[in-house]
Amino acid sequence: ILRTADSPPSPRLRWLLLLIWNVLRFRTFTESGEPGHEGANVRKAKNRYERSRQVLGWLSSGWPVGRPVELIWVDEIAELDEDSGKSYQCHGQTYREDRHIVIELSMKKCRSWESATKTLMHEYVHAVQWGPASIEMKTEHHPITFYAQLGEIENRWDHDHGHEQANEFPF
């Protein structure tokens, strides 16, 4: 398909080139060999539980933790506020168990896909920041670096097609 510099491409030619470009971009991503990518025949998540597994796969491919991460859905998570002594409901929590990290999400608080995804990202940053060393008890709960990393992840999710890339991970 050749054209001279004086003649712009026809609308049909522009559409065809855009279609080819998108097919090549999609094929490059799905055949990249990244962990979790078994090909283009991954079915679409039907609920927040399946979607959270895909998001965890996407997070693990971009920000490795150094330990296995287990995702668990629980009915509810109650925390005790040390200052007031009152109990309150949490969206999620992260903790270390033996040689892996556990992320719990609350079914009661994470009722939508968006809420579950944002909470999973938040809890995953804890896992990344703790890394292989056992430092979770020796650091602030949310240091400045925590919000910098969370911002990077949310930016990639919102503006760098992370929400679309996560669809490629199995659940």
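Student: Which residues touch the most other members in the largest nonpolar core?
Tutor: Trp58, Leu59, Leu120 and Tyr124 do, out of 26 residues in that core. Keep in mind that this is a predicted model.

Student: Which elements give two or more residues to this core?
Tutor: Three helices are on the list: H2 (48-62), H3 (113-130) and H4 (144-159). Strands S1 (69-74) and S5 (100-106) are on it too.

Student: And which one gives the most?
Tutor: H3, with eight residues.

Student: New topic. How do H2 and H4 pack, in terms of axis distance and crossing angle?
Tutor: Their axes come within 12 Å and cross at roughly 115°. The two helices are therefore roughly perpendicular to each other.

Student: Is that crossing left-handed or right-handed?
Tutor: The crossing of H2 and H4 is right-handed.

Student: Which residues meet there?
Tutor: H2 brings Arg51, Val55, Trp58 and Leu59. H4 brings Ile153, Arg156 and Trp157.

Student: How does that contact split by class?
Tutor: Five residues are nonpolar and two are charged, with no polar ones.

Student: Now histidine 163. Where is it?
Tutor: In helix H5, residues 162-165.

Student: Why does histidine 163 count as partly exposed?
Tutor: Because its relative accessibility is 31%, and partly exposed lies between the 20% limit for buried and the 50% limit for exposed.

Student: What is histidine 163 in contact with, leaving out neighbours within four places in sequence?
Tutor: Arg51, Trp157 and Asp158.

Student: How far is histidine 163 from threonine 117?
Tutor: They are 46 residues apart in sequence. In space, the C-alpha to C-alpha distance is 9.7 Å.

Student: Zoom out. How many helices and strands in the chain?
Tutor: Five helices and five strands. Along the sequence the pattern reads α-α-β-β-β-β-β-α-α-α.

Student: What share of the chain counts as buried?
Tutor: Of its 171 residues, 35%.

Student: Last one. Of the contacts between residues at least 6 apart in sequence, what share join residues at least 24 apart?
Tutor: That share is 65%.

Conventions:
Residues are numbered from 1 along each chain as its sequence is written. This is a predicted model: local features need pLDDT of at least 70, side-chain atom pairs count only at pLDDT 80 or more; totals for chains, interfaces and linings use all residues. Side-chain values use heavy atoms; hydrogens and water are left out. A nonpolar core is a set of buried Ala, Val, Leu, Ile, Met, Phe, Trp, Tyr and Cys residues joined through side-chain atoms within 4.5 Å. Buried means under 20% relative accessible area, exposed over 50%, partly exposed in between (1.4 Å probe, protein chains only). Helices (H or I, at least four residues) and strands (E, at least two) are DSSP runs, numbered from the N terminus. Contact means heavy atoms within 4.5 Å. Axes are lines fitted to C-alpha atoms, for helices over the stretch in contact, and angles run from 0 to 180 degrees between N-to-C directions. Angles under 35 degrees count as roughly parallel, over 145 as roughly antiparallel, 65 to 115 as roughly perpendicular and the rest as oblique. A crossing is left-handed if the near helix is turned anticlockwise from the far one by less than a right angle, and right-handed if clockwise. Ala, Val, Leu, Ile, Met, Phe, Trp, Tyr, Cys and Pro count as nonpolar, Asp, Glu, Lys and Arg as charged, and the others, Gly among them, as polar.
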